[in-house]
Amino acid sequence: MESSTPLYWAAVLAAALALLLWLGRGWVRRWRRLRGMGERILVEDGLKHLYDCEYQKRTASVESLAGALEVPRSRAAGVLIRLESLGLVSTLEHGMALTRDGREEALRMVRIHRLWERYLAERTGVSRSRWHEEAERREHHLSAEETERLSQEMGHPAYDPHGDPIPTAEGEVPPPQTVALPALQEGELARIEHVEDEPEEVFRQLTEAGLYPGIRVQLVSAGDEEIRLIADGRPHSLPPVVAGNVFVHPVEGEMPGPYDSLDELARGERARVVRISPACRGLERRRLLDMGLLPGTEVCAEMVSPTGDPVAYQVRGATVALRRQQAEHIQVEKKSK
């Protein structure tokens, strides 16, 4: 028994460490972020938070800033004191407000952040869950000239991948024209314009439900405990606090779908491509388009590998192999036999 004691405790330690990392990934991320935060980064991130509150007509507070920066309340208060001493923030009776200089600096940071998110979404293979964090890491190291080159390279985009407007170089931003999803009338049809990417856990829940900018939704019912809706023809149920992170613009027309996905085709079955899901962006989307998977294209499931993945499809006279994860993004209408 004594000879096995070191091995036993080593196994216990390894299991405990694995559990800590699994349960505490968010805590570890926050600890690393806090550890690496210099004063300038805290100040710039604080300005972004104050601007977001102003844009959404919410009152900023020490508590809201502490939550946004993921720092203790005492440190958030210190950031506000520093912002005020720099003439970037003024204290009001019911909270804080940006000064003219503070708003200009905040818009500069918001512009850089959203340009980086757009770049990561469209030009790289960085996963959706990492756009925000990676943009935050890069945004503090870009000069004004580099920012304009980045914008020019992408054709001066107006919106980031979450649907947020990108401020122009002159600091112009269109006013918000959306409402939170739960504010719709029952039966009202709308298009998702923006999905909040924070908190991370809520954003992940929304993306896993297939709720992205560009998707059409219809509110079925809104209760205190549950929001029921239809998105692209498929029913969903969300807690109100989660649904409140989806912002929409009412539209006329009909609810599209529901669509099948290409991976649901059986061998020999044919279908017509309707679209590539809005969830698929960047390099992955371009690869699928380069394969000829355009709206209206007829496809046929031709051959399945022994493991079931990938699957070979007949597309425009050529045979292409797709992983099921890729095929899930291609929405199709099955052809009747």
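Two strands are taken to pair if DSSP finds at least two bridges between them. Strands (E, at least two residues) and helices (H or I, at least four) are DSSP runs, numbered from the N terminus. The model is predicted: local features need pLDDT of at least 70, side-chain atom pairs count only at pLDDT 80 or more, and totals for chains, interfaces and linings use all residues. Residues are numbered from 1 along each chain as its sequence is written, and side-chain values use heavy atoms, with hydrogens and water left out.

Strand S14 (residues 330-334) pairs with strand S9 (residues 260-261) through two bridges. The two run antiparallel. In this pairing, serine 261 stands opposite glutamine 331 of S14. S14 is also joined to strand S10 (residues 270-276), here by five bridges and again antiparallel. Isoleucine 276 faces isoleucine 330 of S14 across that pairing.

A further set of six strands forms an open sheet. Its order is S3-S8-S4-S5-S6-S7, with antiparallel pairing. Strand S3 (179-180) and strand S7 (234-238) are the edge strands, each pairing on one side only. Within the sheet, strand S5 (residues 216-222) and strand S6 (residues 227-231) share five bridges in the antiparallel sense. Serine 221 lies opposite arginine 228 in S6. Strands of a sheet pair through backbone hydrogen bonds, either parallel or antiparallel.

Helix packing was examined for H6 (residues 100-123) and H8 (residues 144-153). Their axes, lines fitted to C-alpha atoms over the stretch in contact, come within 10 Å and cross at roughly 40°. Angles run from 0 to 180 degrees between N-to-C directions. H6 is therefore oblique to H8; angles under 35 degrees count as roughly parallel, over 145 as roughly antiparallel, 65 to 115 as roughly perpendicular and the rest as oblique. The crossing is left-handed, that is, the near helix is turned anticlockwise from the far one by less than a right angle. Contact (heavy atoms within 4.5 Å) involves Arg111, Ile112, Leu115, Trp116, Tyr119 and Arg123 of H6. On H8, the contact residues are Thr147, Glu148, Leu150, Ser151 and Glu153.

The structure holds 22 salt bridges. A salt bridge is a side-chain nitrogen of Lys or Arg within 4 Å of a carboxyl oxygen of Asp or Glu. Lysine 48 and aspartate 45 form a salt bridge, with the closest N and O atoms 3.7 Å apart. Both residues belong to helix H3 (residues 39-55). They are separated by about one helical turn, because they are three residues apart in H3.
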